[in-house]
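Me: I'm new to this one. Can you walk me through it?
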Amino acid sequence: MATARKRTLLKVIILGDSGYVNKKFSNAYKATIGADFLTKEVQVDDRLITMQIWDTAGQERFQSLGVAFYRGADCCVLVYDVNTTKTFENLDNWRDEFLIQASPSDPDNFPFVVLGNKIDLEGGNNRVVSEKKAKAWCAQKGGIPYFETSAKEDYNVDQAFKCIAHNALKNEEAEDIYLPDVIDVNATATTKKASGCC
Amino acid sequence: MTGLVMTSRPVVSHETPEIGHQKPVSDGFSHTTRCTEAKASELSNLQPSLAALCNEEKTYQSAVVVYAKENIFVQPGIKCKRISGRLSLLKKAVDDVMFLAWLPYALNNTSDSATDDNKFVVISDGGPALSEASSTAESEKRDRTLYAVHPVPISDMRAVRRHTPTIGWHHIIIVLHTGLSLPPLYFTNGGVKDFLTVLKQHTCLVRSPDDPNLYLVNDIADPLQRSMTALDLLEVQNRAGWSESAGGSASLFVRGGKDDLDTPSPRDYSLGVLEHFSRVTKLARDTTAHIFGKDQGLDASTWPCEGEETLIKLNYPPQGMLAVNCADGEDEAPVLRVVQSDDDEAAPCDSDSQSRCDDGESASTSVGSFELLESERIVSSSKRIPSRAQRPFPLSVEEWCAFFEPDGRLADERGFRERAFYGGIDQNVRKEAWKYLLGYMPFNSTVAEREQIREAKKTEYDALKAQWQSISASQEKRFTKFRERRMRIDKDVVRTDRLLPFYAEEDNSNVELLRSILMTYTFYNFDLGYCQGMSDLLSPILYVMEDEVDAFWCFVGLMDVMESNFHRDQNGMHSQLQSLKKLVQLLDPQLHCYLEKMDCLNYFFCYRWVLITFKREFEYSLVLRLWEALWSKHLCEHFHLFVCAAVLQKHRRAIIHGEMEFDTLLRFINDLSGKIDLEVALYDAEMLFQYAGEAGQEVLPTSGP
């Protein structure tokens with residue numbers, strides 16, 4: 001029996017029209033040019049996972065860069081602003097664009113997470129996208145986990161990232177069934193057949 | 001006379017009456033003082049003049065030949081006649097110091113003392129008279145002079161690369177610690193192995209673990225120690241001015257007779273390069289951590305095990321470039337000939353570059369990966385690069401005023417541009433000077449004309465601004481495009497340089513000005529609209545102009561050049577990043593191969609550098625300095641790409657040995673922000689520019705920034 005491949009680095013791509021996901025407001029904050037990432041340590045069960053959280057230029061105009069920047073992603077986080085309808089409507093575009101640019105091997109099962117951000121704004125009085133509406137969209141897309149967050153107040157962000165790590169790892173465990181640690185040519189041929197049947 | 005000679009016969013058999021030292025000497029002990037004199041004389045006369053060279057020969061008279069091989073030839077160029085000579089290893093009797101030399105046989109028709117084939121031609125550096133001479137004989141003689149390898153201490157040798165093609169002559173290429181390499185030495189009837197065997201008897205010669213054809217000389221096992229040793233070596237050379245050995249090999253790279261009085265001696269470049277080195281050396285002395293830790297983004301503890309190209313800064317250009325330089329004319333690039341081993345008979349020394357990429361053996365598997373610190377392009381160029389210390393102060397108010405004619409025309413545009421490039425511009429002059437650099441004010445405009453222009457531009461700006469300001473709230477509801485742009489601009493201006501006092505605090509009026517100018521620009525250039533990055537480009541302009549109208553038109557001038565960076569199809573960015581790729585391929589094939597292997601050739605890790613011209617990479621005041629240097633277009637319109645290449649090259653070791661992949665490389669590049677020494681980068685970029693020459697120009701984008 002193969003032992004699970006213990007990965008400790010997860011590449012997570014943040015997309016959407018609402019920035020400020022994992023950054024506090026500050027004067028030093030600048031719009032991302034090209035792409036950058038920060039790393040965040042997350043404890044998942046008994047494992048310490050390093051998450052590489054990628055922030056790319058928000059403007060659609062720079063989407064073509066995704067081919068390079070999304071490569072090898074383990075999870076994609078779609079963020080919208082609960083106070084702006086347009087940002088919610090754009091989730092479809094972002095998701096599709098990601099799948100085109102990153103072209104993951106199994107697009108139907110690629111882990112996404114949706115964050116409804118800025119729930120703190122004006123005490124929630126400006127809110128235009130309801131939680132129900134957002135959850136319906138997530139269900140329709142194959143049961144994407146949904147979180148409501150306030151990056152500014154640091155509300156629910158950690159929980160969201162734990163879930164993100166979990167999801168990305170779940171995917172990995174699924175891979176492990178088919179990809180033993182030690183691969184020999186014959187074994188690979190067999191597993192390929194097996195996975196083809198499933 | 002072929003084969004191995006273990007004898008104590010004198011090396012130099014001809015006599016040099018000018019020196020008054022006429023006796024061939026074989027005792028090897030009685031000339032210690034003369035050695036010292038010769039050295040001193042060479043230091044005082046850096047050009048390898050006749051006298052100095054005679055002294056040099058005298059120096060080695062007190063040496064014994066431990067190895068000599070006849071009919072070893074150098075091929076100066078594809079169509080050039082080969083130059084035959086004798087390769088020898090000499091041992092100075094007095095202190096057992098080993099030297100290597102290759103001296104060409106004398107031409108039969110020269111009037112020099114050496115007429116016998118086995119004697120040596122007297123080396124002179126030519127001088128103006130010689131360079132004027134056009135006869136083949138003179139040119140051949142000069143070649144002989146140029147390619148002679150005056151005795152080089154074995155301790156200066158870094159590596160020997162053996163080339164044993166199945167078709168063609170076997171040859172060796174010797175690389176020195178300085179990064180210079182000696183011309184390929186072709187063995188007409190074998191004997192490379194014998195040579196290496198003898199060399200091994202007299203020095204520590206280790207076959208590179210990465211490349212069976214590469215032999216490392218004086219290889220010290222600990223790479224850190226090895227690097228330090230190499231650095232110290234350079235420092236010694238630097239202290240001595242230009243040491244005998246370095247001078248000897250450098251004479252290869254100095255064209256005969258180009259030094260007329262009004263162009264600075266090519267030696268300046270050599271010294272400039274030494275100065276460049278000395279900076280490294282100084283760092284090395286300060287703390288190793290400084291150079292290997294902070295400076296390189298690496299701990300001393302993570303210092304890579306493979307440190308072979310520690311000192312190698314530049315690589316030979318690929319063959320395409322050789323060809324181009326060849327075409328420049330024979331006087332242009334003697335050093336390039338040094339690497340032209342690719343004639344009909346001998347296999348090209350760099351022909352395995354593709355396989356190098358494939359098997360991932362990046363470092364020093366070919367002579368191409370070793371090359372020199374400074375190029376002959378620089379050495380031979382008539383253009384002098386001011387060293388950092390020589391760079392002038394920023395263009396002052398007084399100087400600025402002196403540029404103007406009585407009617408207010410800026411008289412010397414070229415001079416002004418050059419001045420801005422090298423020294424930058426004083427903060428008090430920027431406001432006026434930038435208007436010229438950004439095309440807002442024409443150089444030949446008078447005071448009256450500029451007032452008219454200002455008046456007209458003010459009116460135009462007000463009209464453009466009124467267009468968007470008059471859009472009512474209800475109109476805006478039906479105007480999605482406008483709303484989106486405004487939102488995007490609002491979002492970006494509040495996070496643009498807010499740490500700078502000029503833009504700090506809530507309700508800052510300058511932030512409002514940024515907003516107004518950007519909004520107006522989207523109406524001035526509606527098709528382009530607003531793109532992220534523009535606020536970064538505008539911020540320094542407004543900071544300098546301190547005026548909405550002037551800042552707007554200067555920004556328009558800048559965007560006219562940079563617009564394609566923001567095109568939806570990204571054509572401007574792609575063409576620049578592609579040019580950068582080609583530039584690195586040209587200037588540093590090894591780094592190129594590495595990036596290719598890592599699938600990083602899209603150069604997206606340099607995206608931010610290029611999109612907003614290093615705006616995020618330097619402290620604010622330095623951004624102003626860099627931009628005016630770039631806007632001066634003193635050297636070329638795409639000088640920023642040379643800056644990119646220079647910074648990459650500075651960190652090539654960390655990148656290659658750190659085995660960075662795309663992600664880590666991007667992070668590394670982004671993290672260089674605030675850590676790049678701008679003046680060093682500008683200096684290096686100019687070196688690369690001179691080095692790349694026309695081949696560099698050819699890979700640059702045809703238009704745009």
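Me: Which ring does the charged end of Arg485(B) sit over?
Reply: The ring of Phe526(B), with 4.2 Å to the ring centre. A charge sits over a ring if NZ of Lys or CZ of Arg is within 6 Å of the ring centre and within 35 degrees of the ring normal.

Me: What should I know about the model and the numbering?
Reply: This is a predicted model: local features need pLDDT of at least 70, side-chain atom pairs count only at pLDDT 80 or more, and totals for chains, interfaces and linings use all residues. Residues are numbered from 1 along each chain as its sequence is written, chains are lettered from A and ligands numbered from 1 in the order in which they are written, and side-chain values use heavy atoms, leaving out hydrogens and water.

Me: And Lys11(A), which ring is its charged end over?
Reply: Trp54(A), 4.2 Å from the ring centre. Trp54(A) also belongs to a cluster linked by ring pairs, including Phe37(A), Phe62(A), Phe604(B) and Phe662(B). Rings of Phe, Tyr and Trp (its six-membered ring) pair if their centres lie within 6.5 Å; planes under 30 degrees apart are stacked, over 60 edge-to-face, the rest tilted.

Me: How many aromatic pairs over all chains?
Reply: The count is 45. In one, the rings of Tyr461(B) and Phe552(B) have centres 4.8 Å apart and planes at 55°, so the pair is tilted. Tyr461(B) is in helix 17 of chain B and Phe552(B) in helix 22 of chain B, so the pair ties together parts 91 residues apart in sequence. Helices (H or I, at least four residues) and strands (E, at least two) are DSSP runs, numbered from the N terminus.

Me: Are Tyr461(B) and Phe552(B) buried or exposed?
Reply: Both are buried. That means under 20% relative accessible area; exposed is over 50%, partly exposed in between (1.4 Å probe, protein chains only).

Me: New topic. What is the strand order in the sheet of chain A?
Reply: The order is 2-3-1-4-5-6, in an open sheet of six strands with mixed pairing. Two strands pair if DSSP finds at least two bridges between them.

Me: Why do strand 2 and strand 6 of chain A have one side without a neighbour?
Reply: They stand at the edges, each with a single partner strand, so one side of each has no neighbour in the sheet.

Me: In which sense do strand 1 and strand 4 of chain A pair?
Reply: Parallel, over five bridges. Gly16(A) has Val79(A) as its bridge partner in strand 4 of chain A.
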